Amino acid sequence: MAENAEAPEMQKSLSLFNFFTIGFGAIIGTGWVLLVGDWMVLGGGPFPAMIAFAIGAIFLVPIGCVFGELTAAIPISGGIIEYVDRTFGRPLGFLTGWMLLLGNAPLCPWEAIAISTLLTDRFGAFPVLSWLRSVKLYTILGADVYLWPTVIALCFAILVIFLNFKGAGAAAKLSSFLTKALLTGMILAMVISFATGSPSNGLPLFSRATEVASGEGTKATSFFGGIIAVLVMTPFFYAGFDTIPQQAEEASADLDWKKFGIIPALALMASGLFYLICIYAFGTMIDWHEFVKSSVPALAVLERINLFFYIAMLIIATLGPLGPMNSFFGASTRLMLALGRKKMLPESFAKIDPKSGAPLTANLFMAGLTLIGPFLGRNMLVPLTNVASLGFIFACTMAGVACLRLRQTEPDLPRPYKVNGGIAGIIAAILAGSIIIALMVVPFSPAALKPVEWIITITWIVIGMVIFMIFGRQFEKAAA
């Protein structure tokens, strides 16, 4: 007991605003710049895409409220493992944490790749910056990897790693800065749209685009079909609000937990509003059918309108991936910390740096994983996007089930915040998660996982089962 009393503790420094920026920064990366044209093509125009993103946010808000209730009641790092362990036992607790780790950890190297890609494709197009593409290292899965974009992306990754080793407070400052940068980008796009565009550029409400940069035009055949086509992929672009509860143990001592309960849902709604404004702004600057003809159309249209605005948005877009990388780095290390504390991973993962209060072994592991990213090429991790989304939604659904079970088994547990609508609100969260999972696993669904994605998912689960069996036996021996 004396050892536990003297064990280093995590920093207690995060405010409500810090938690909001962690979640918002994880959700809003660079997807809005790189993929806004694809959303319009998929939906048949900016307005079906906007409706889909609005529905997607509303769909996920109950899940955000569930995380708010659970975290305010049990504020510990990697809390989702504790929630499910307390209600359904160690095996399901481990599986939930393991799947959420699949939903979080790969996004750190992926964001590093996104930075390298933007530096290569967009900055490298400037004659004065042509040196960025002067030294080609190799080609992997059809993607060229260049020396200088890789070096710069590594520097960005090292910054995130350094701040996370310093502790949650330092990492939170980066999230706060990036949130302001992203909001600046949104305002810039809106101002340009109002000054140069027209709502008529987004009309008719639905039409099929045939000439697009990707080579594949609109596949939906109706306004409703366009909304559904975009809706099934919105969970991936809203993934990230789950990073908020993973760092609950580092909340400041005077945090109002009742107000904290609404932060995950608030981050979701703010992100939804951000997406709506961006889709509208870019979809009405010029005729959207012309807009989607360019590669990375959000940047291409700004380059045509004003070079200064283009460079400003390009800088913001390049900084964008730092937000998700920073948030998912912190969330992933806290998940591994929780698994180590539960003796579901080696106990070394439970180590906390006595100076910074940051997870030590988990930070080292995530640092290695993140630094690999820029060397993998843009096509290496594409299948992991849907796999990460499945892991994220599975964990969210299990959180809803655990919340419902805790209402029954521990009715007296102090709950500073409760899901709006009571039991009905929790059931809505479970149904929302279940529907999204069904859309990803039913073979005839437009969002169904591809064979390679199933292979990755099943391999990850098998690896997890082996790890759990090894350390589960050690736990049983220690308990005996």
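**Exercise 1. Work out how arginine 86 and glutamate 82 sit relative to each other in helix 6.**

Step 1: Both belong to helix 6 (residues 79–88), and they are four residues apart, so about one helical turn separates them. Helices here are DSSP runs of H or I with at least four residues, strands are runs of E with at least two, and both are numbered from the N terminus.

Step 2: Recall the general rule: an α-helix has 3.6 residues a turn, so residues three or four places apart point the same way.

Step 3: Now check the atoms. Arginine 86 and glutamate 82 form a salt bridge, with their closest N and O atoms 3.7 Å apart. (That term needs a side-chain nitrogen of Lys or Arg within 4 Å of a carboxyl oxygen of Asp or Glu.)

Step 4: Look at the surroundings. Glutamate 82 is buried at 15% relative accessibility, while arginine 86 is partly exposed at 37%. (Buried is under 20% relative accessible area, exposed is over 50%, and partly exposed is in between, using a 1.4 Å probe and protein chains only.)

Step 5: Zoom out. Glu82 and Arg86 belong to a salt-bridge network with Asp85, Lys342 and Glu410.

A quick note on the model: it is predicted, so local features need pLDDT of at least 70 and side-chain atom pairs count only at pLDDT 80 or more, although totals for chains, interfaces and linings use all residues. Residues are numbered from 1 along each chain as its sequence is written, and side-chain values use heavy atoms, leaving out hydrogens and water.

**Exercise 2. Find out which parts of the chain the salt bridge between glutamate 249 and arginine 341 links.**

Step 1: Start with the distance: these two side chains meet at 2.7 Å, N to O.

Step 2: Glutamate 249 is in the loop between helix 13 (243–246) and helix 14 (257–260), and arginine 341 is in helix 19 (residues 322–341). The pair is 92 residues apart, so it links distant parts of the chain.

Step 3: Check the cover. Glutamate 249 is buried at 15%, and arginine 341 is partly exposed at 34%.

**Exercise 3. Describe how strand 1 and strand 2 pair.**

Step 1: Strand 1 (residues 136–140) and strand 2 (residues 143–146) run antiparallel, with four bridges. (Strands pair if DSSP finds at least two bridges between them.)

Step 2: Follow aspartate 144. It is the bridge partner of threonine 139, and its side chain also meets lysine 136 in a salt bridge of 3.2 Å, N to O.

**Exercise 4. Decide how the rings of tryptophan 98 and tryptophan 460 are arranged.**

Step 1: The structure holds 21 aromatic pairs. In this one the centres are 4.3 Å apart and the planes at 15°, so it is stacked. (Rings of Phe, Tyr and Trp, taking its six-membered ring, pair with centres within 6.5 Å; planes under 30 degrees apart are stacked, over 60 edge-to-face, and the rest tilted.)

Step 2: Tryptophan 98 is in helix 7 and tryptophan 460 in helix 23 (residues 451–479), so the pair ties together parts 362 residues apart in sequence.
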